[in-house]
Each structure stands twice: as C-alpha cells, then as structure tokens.
Amino acid sequence: MIKVGLLKADKYDKYLKDKINHAVELVGGFGSVVKSGDRVLLKPNFLVAKAVETATNTHPDFIAAVVEILSDYNCKIAIGDSPMFGTAYGVVKKLGLDQKLKKYDVEYLEFKENKPVSQQEDGLKPRKYRDLCTATVLQEFDRIINLPKLKTHAQMGITLATKNLFGCVAGKVKLKWHMVAGSIHNFARLLVEVSQTVNPDLNILDGIIGMDGNGPANGRPRKTKVILAGKNCIALDRVVVELIGKNPSRFPIFKAADDLSIPGTRLEDICILGDSIEECRIKGFKVISIFPADFIGVHFLGLPFKPLFDQRMVVKHKNCIMCGRCIEHCLSKAIRKEDGIVIDHDKCIKCCCCQEGCPTNAIHIYTPPLGTLVNKIRSGRSR
Ligand code: SF4
Ligand code: SF4
C-alpha cells in the first residue's frame, strides 16, 4: 500500500512546524528522507509574484516551517523554482520569505539551464517524450522535497504535487513543451513523465488555504484546511481529489499515470493515515471542467458543430488593461491586439498560459452549455 499522511490544519500559526512534522511522520518521518549534511532542494509552487493573501504561491510560513525542520537535521537547504512569470527571487521577496528566513543559511535558486534526462536514469516505461529535460541544478542535490499548493488549474483541472514539478523544467522551454504536447491529454502525459523524472523524495502539500475557481493565478482563496504528505505524488493528488469530492476521471493526469503503469491512481491502493477523508472533506470546491477533446460526438457531428461543445479562451474586456502579457506568452501566436485583445480560436491550443499570466483576471476558459452537459454525463452528475 502507498502511504499518504492527511491532517486537518486551519492556520499558519506557531503549531505549523509540529503539524508538518506529524504529517511527514505518518509516512516515515523526515529521518527516512534526509540525514545530517544532505543538500536538500525545496521546490515550492512559485507561479508569479503576488500577495500572500491571493494564495497563488506556497505560503511563506509553510516553507519557513519546513526550512526550520531541515535545519534541525543540519541539512544544507536551497529553495528553487522557475516561475512561469518573473523570477523565483521576485516571488521570495513578494512573500517576505527572505525576511522570515534571515537567520537561516538558505540559498535561493533560479532554474536557468536544462539538461536532458536519459531514459535509463528514471526507469520509467518507454517515455513518449524522449528528449525531456529538467533543470541542470537538480543533479547537485541529495534530496528534493516538493512543496505544492492546493489550487485549481484551467488546463489540468487541478494543480497539486504532480503538476508542481513541471516548474523543474527551466525557463521558457516550458512554453515550448505546451506546443509540442498539443492536446490536454498529451500534456498530462508530459507532466507525469516530468514528475517521475524529477522523482522527489517527499511531497508536502500546503492545503491550509487553497484556491478554487479561475486558478492557478486568479482564483478564489479558500480555507481548505489540510496538510498532506507522501512519497508518491500521484497518490497524494488522488487523495486530494477525494477530499474535494470530484471524480478522478475529470483530471487527465490520472489517465496518463495509468498509461505509464504508475501506481497511486486507485484509492484502494492507498493507505490514508492521520485524519480521515470525512473529517477533512472540502465542500463546494469549484474546479474548471475540462472538456474531453476526445469526445466522439465532436468527430461524429463534424467541425461545424465544434463550437457548440468545445471549450475556448474568452477575454473579459472590462478587466483588460491591454498590458500585452498574454500576447508575449502565446507561442501559438493566437492573440492579437486590435481595439481590444482578440483570440484566434483556430490557432489556440488551449495551453492556458495567457489565462495564468493575466494580471487582471481578464482571461477565462468558457465551456458552452452542451460541453458542460457532456462533461457531467461523462464524469458522473454528482461529482
Ligand atoms: S494579459 Fe490580461 S490584461 Fe494583459 S492584455 Fe492580456 S487580457 Fe489584457
Ligand atoms: S490563446 Fe492562450 S490558451 Fe490559446 S494558445 Fe495562446 S496562450 Fe495558449
């Protein structure tokens, strides 16, 4: 059985360090992961420099508590990421993390260069993406600890432990991979392959205040009140999906993991330790529904009917400040400036990079009513 530790936690307070220690203890403890003198890389979710209250990034108190624990183990600690927008240190400054960690000898890293990861190194079934590469600097560490945030994600439905590891691909190459993958299902496969390639030693999810709605940057901060820990990122994500009461078939990473025979997608294979699912249930969590691109009706009815079902990116012009960031991040060149921002739906690959990067919550993913209906039928009306 794969162990996942689950604990209720409703505040970033003075008990946080104990809570995190307890959650990790349930899956073997920090002592099973690190030893004195280890170089440990912490990989938080740093998306863009936004205020702590927006719940866009892993909470600074959460990261600080993990740093404190690792310092007790006499580890050499680095915090690194490659945010989609701006720099990792820009996020650190915005969150005030550098001030919180002043007394610790912590290194802050920007992931800049990538190194190809050969198939032999990760031991996976044959990869679809043979020329995958991840940040060169990862090789310098004895241990990697993943510190994701509980948030929705326009393209994948949700971003948790697995999706967070895509930040280990340095720089704008991430945008290229969106293009290479093309469809949502291919991109999910890529994410799972990256997660297994990085293969973190431990995942600890900051789910105390999460984000639902139009995530991962512009959603609604929600008191989700949980901490999860585990060594298998897929299993940890699967438990969160149970907590929010959604059908796992709505989230393409689980199908991608099944295709690669990676364990952790079935609740029967997971031993949940600590508090129960019922005690930690997250009610009314709103995720963006992903329209199944492989829905046979679209192919059967033909292209003229596609707009009746198909999801598309839409601009709320009253929110748009014409900053042009979406144009800059659209590798498909599907966005142009006229009197307002215009999206060419024929060119758009629905990577959602524009939606993630929009500073004013002006870009949303729209699902027509028929698409919503199909989603409900396919994934079960109640979930
Ligand atoms: S990123 Fe948002 S605010 Fe900026 S131009 Fe695009 S839609 Fe408008
Ligand atoms: S318009 Fe937005 S979702 Fe579509 S390809 Fe460009 S960045 Fe991606």
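Predicted model: local features only at pLDDT ≥ 70, side-chain atom pairs only at ≥ 80, totals over all residues.
Me: OK, so how do H1 and H2 cross?
Reply: Helix H1 covers residues 16-25 and helix H2 covers residues 60-72. Their axes cross at roughly 70° and come within 9 Å. H1 and H2 are therefore roughly perpendicular to each other.

Me: Is that crossing left-handed or right-handed?
Reply: H1 and H2 make a right-handed crossing.

Me: And which residues make the contact?
Reply: From H1 you have Leu16, Lys17, Ile20 and Asn21. H2 brings in Asp61, Phe62, Ala65, Val66, Glu68, Ile69 and Asp72.

Me: Switching topic: how is the protein chain divided?
Reply: Into domain 1, residues 2-280, and domain 2, residues 296-379.

Me: How far apart are the C-alpha centres of the two?
Reply: The C-alpha centres of domain 1 and domain 2 are 27 Å apart. As for the contact, 21 residues come from domain 1 and 19 residues from domain 2.

Me: Now the ligand. Which residues come nearest to ligand 1?
Reply: Cys320, Cys323, Gly324, Cys326 and Cys358 do, out of 13 residues around ligand 1.

Me: And how does that shell split by class?
Reply: Around ligand 1 there are 10 nonpolar residues, 2 polar and 1 charged.

Methods
Residues numbered from 1 in each chain as written. Chains lettered and ligands numbered in written order. Heavy atoms only, no water. Near = heavy atom within 4 Å. Nonpolar A, V, L, I, M, F, W, Y, C, P; charged D, E, K, R; others polar. Axes fitted to C-alpha atoms, helices over the stretch in contact; angles between N-to-C directions. Helix = DSSP H or I, 4+ residues; strand = E, 2+ residues; numbered from the N terminus. Parallel < 35°, antiparallel > 145°, perpendicular 65-115°, else oblique. Left-handed = near helix turned anticlockwise from the far one by under 90°. Contact = heavy atoms within 4.5 Å. Domains from an automatic or database assignment.
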